[in-house]
Amino acid sequence: MNVTDVFSDNELMLRVRDGDNVRLGMLFERHHKKLFNFFLHTAGKRQVAEDLVQEVFVRMLKYKHTYRGESGFGPWMYRMARNVRSDQFRKRGNAPFDSANVETVELADERPAPAELLETDQSIGLLRTALAQLPIEKRELLIMARFELLKQDEIASLLDCSVATVKVRIHRAIKELSRIYHQITCEVRA
Amino acid sequence: MNCEEISELVYDYLNERLDADCAVSFTVHMDGCAECREQVSDLQHTWTGLADLPQEEPSSELKARFYSMLESQQVAAKPRPLATWFQNLAVFPLIPQGLAAGVLLFAGILIGAQIESGENVDELRREVRSLSQRVTLSLLQQDSVSERLRGVRFSYQSAVYDEEVIIALIDAVGYDKSVNVRLAAIDALKPYLSQQPVLNSMVTFLGKERSPLVQVSLIDALFGTNGGETLETLRVMSNDAQVIDSVREHVRTLLEESV
Ligand SMILES: [Zn+2]
């Protein structure tokens, strides 16, 4: 028996569903930072990202009765997160997310001027810029896979496709990101 | 293996999930194919770079907002005045210094008052017990290390923890950034090591713990329990080159003494 079998996210959420709302606090502690970074990369500003995290947890309580736990807590939470995000875009009248909406600047603001950047800092900045230019489906896929927000089979369940398809899509996304990254790097060095 | 097959396996390769046979054929093809070599190295560079993107921290306001939302839901769900008042105080994450201990005292006075007015005493005692646990939980969620330490110490106020406090303490042992909080939480959990889930999680954390201080404290706590899995973990540690010498020495001594 593993500790995760006993105190798993799934177990906690089932209790929340059955009326033990306080346990949502444990789920918040475990997941709010990851959700925040997920939104930061796929919805832009810090303030927006925080609002969206809050909204996800509000909805978890509101729709807790819909939780069945069959495909696990992670996919359920990120499905909710994606809905929250698209509702937000609709409210703001934005077209589905594209690179023009990404606030890479906000992140970059806190960093030293380009000339002072070390090589690695610079490539992190360029990678961020490249990531922001990727279509949102690919960007979120990469974030989910690379930051280990979800396992491959959970991503498959979230996207309603097979694990093999998930792998192919991630591979394509890395390829496209590499291409954009290369392009930007060449422009910067030119 | 041809170029197309390589491209199908790249993702597993990047994640080091190729099985041994595949890995060999993969390497053989790469050695002989400059095009694949270049492509894979590009992808690897990007994939590694993604992992290096720093994770950002949300502001502390997010936490405050969440707990006040949770609190308002609680109030809506349970319209019992006394309980609600306690929860307001205890679940809201910003408890001023010293107030937590005062809360219990005050609760005692309230109980006195309620007894006179004929309320059910057992019910109120239960409420106070759950109150002290709520204070523990709330303190354990603070950003400041000294508040979290107070949370662990506060947990001693309850003779018996409920499951949620145990979970919070386990989380503290496994995930708290402060060595001091982790050490204090280990101490607080010692009476619960006979419970299999608690024991198992401590053994798991020992495997990933990097601070020698905490390692030794976990080892000492676990050693008394003598479970098969514990001994196995300790044996592995005694031969793990990543474990610093003094800790390894400590484990070996314990294991030798136990024979
Ligand atoms: Zn090739």
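Before you click on anything, one cut-off to keep in mind: a residue is called buried under 20% relative accessible area, exposed over 50%, and partly exposed in between. Also, what you have open is a predicted model.

**Stop one: Tyr13(B)**

Select Tyr13(B). Its relative accessible area is 27%, so this residue is partly exposed.

**Stop two: rings in chain B**

Let's stay with rings for a while. A search over all chains turns up 13 aromatic pairs in the whole structure. To look at one, select Tyr11(B) and Trp47(B): the ring centres are 5.6 Å apart and the planes stand at 75°, so this pair is edge-to-face. Where do these two residues sit? Tyr11(B) is in helix α1 of chain B, residues 3-14, while Trp47(B) is in helix α3 of chain B, residues 34-52, so their pairing ties together parts 36 residues apart in sequence. Are Tyr11(B) and Trp47(B) buried or exposed? Both are buried.

Go back to Tyr13(B) and Phe26(B) and turn the view until you can see both rings. Here the centres lie 4.4 Å apart and the planes meet at 15°, so this pair is stacked. Tyr13(B) belongs to helix α1 of chain B and Phe26(B) to helix α2 (residues 20-32) of chain B, so the pair ties together parts that are 13 residues apart in sequence.

**Stop three: a cluster with both chain letters**

Next, select Phe28(A), Phe57(A), Phe66(B) and Tyr67(B). Ring pairs link these residues into a cluster.

**Stop four: chain A as a whole**

Colour chain A by secondary structure. What will you find there? Chain A has 10 helices and 0 strands, so to read its elements from the N terminus is to read α-α-α-α-α-α-α-α-α-α. Of the 190 residues in chain A, 51% are buried. Take the contacts in chain A between residues at least 6 apart in sequence: 66% of them join residues at least 24 apart.

**Last stop: Pro197(B)**

Finish by selecting Pro197(B), which you'll find in helix α11 of chain B, residues 196-208. With a relative accessible area of 17%, Pro197(B) is buried. Then pick Ile170(B) too and check the spacing: C-alpha to C-alpha, Pro197(B) and Ile170(B) are 9.8 Å apart in space, and 27 residues apart in sequence.

Note on methods
Residues are numbered from 1 along each chain as its sequence is written. Chains are lettered from A and ligands numbered from 1 in the order in which they are written. This is a predicted model: local features need pLDDT of at least 70, side-chain atom pairs count only at pLDDT 80 or more; totals for chains, interfaces and linings use all residues. Side-chain values use heavy atoms; hydrogens and water are left out. Rings of Phe, Tyr and Trp (its six-membered ring) pair if their centres lie within 6.5 Å; planes under 30 degrees apart count as stacked, over 60 as edge-to-face and the rest as tilted. Helices (H or I, at least four residues) and strands (E, at least two) are DSSP runs, numbered from the N terminus. Buried means under 20% relative accessible area, exposed over 50%, partly exposed in between (1.4 Å probe, protein chains only). Contact means heavy atoms within 4.5 Å.
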